[in-house]
Amino acid sequence: MADQEFDAQLARMFAEHPPFPDQAAFARRVEARLDRGWGLRRMVIGVLGLGGGLVAAGQGLGGNLIGRLLSASHASVNVAQQTASSAPDVLALLGQSWGLRFPSVGIEVIWLVLGLLAVAAALLATRALEEF
């Protein structure tokens, strides 16, 4: 028959792991590797954000966005001034101002907004997964 006390002592001896002599150095190496990964992620996100900003600025300048906004603004001011001078009634001014036309938005702007929303959703998902 087996000795119960010896079995219990043997189980306790093998249940506890002896500390490794390089335990602190190993922990430092793992932490440095994790920190390096986060630094690389931050750098990639920053570079991609800068690239996206440059693409957005290029699209805005290439599509003459500022000129179209200024012309729409001037047109709406002219219509409002004509309406105000011809009909001093506030209700008539509001009724006629609903007919102002807004400049059309190109498909590039829609794709850009959808892409930015996708990136924002991905970042939100990674942040939510990181918290749990």
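## Model and numbering

The model is predicted: local features need pLDDT of at least 70, side-chain atom pairs count only at pLDDT 80 or more, and totals for chains, interfaces and linings use all residues. Residues are numbered from 1 along each chain as its sequence is written, and side-chain values use heavy atoms, with hydrogens and water left out.

## Helices

The chain has five helices and zero strands. Its pattern along the sequence is α-α-α-α-α. Helices (H or I, at least four residues) and strands (E, at least two) are DSSP runs, numbered from the N terminus.

Expected span is 1.5 Å times one less than the number of residues. Helix α1 (residues 4-15) has 12 residues, so it should span 16 Å; its end C-alpha atoms are 16 Å apart, which agrees. Helix α2 (residues 23-62) has 40 residues and should span 58 Å; its end C-alpha atoms are 58 Å apart, which agrees. Just after α2, Asn64 takes a positive phi of about 55°.

## Burial and surface

Of 132 residues, 2% count as buried. Buried means under 20% relative accessible area, exposed over 50%, partly exposed in between (1.4 Å probe, protein chains only). Ile110 lies in helix α5 (residues 107-131). Ile110 counts as partly exposed because its relative accessibility is 41%.

The chain exposes about 11800 Å², with carbon and sulfur atoms supplying 69% of it. Accessible areas come from the Shrake-Rupley method with a 1.4 Å probe; for residues, only the protein chains shown count as cover.
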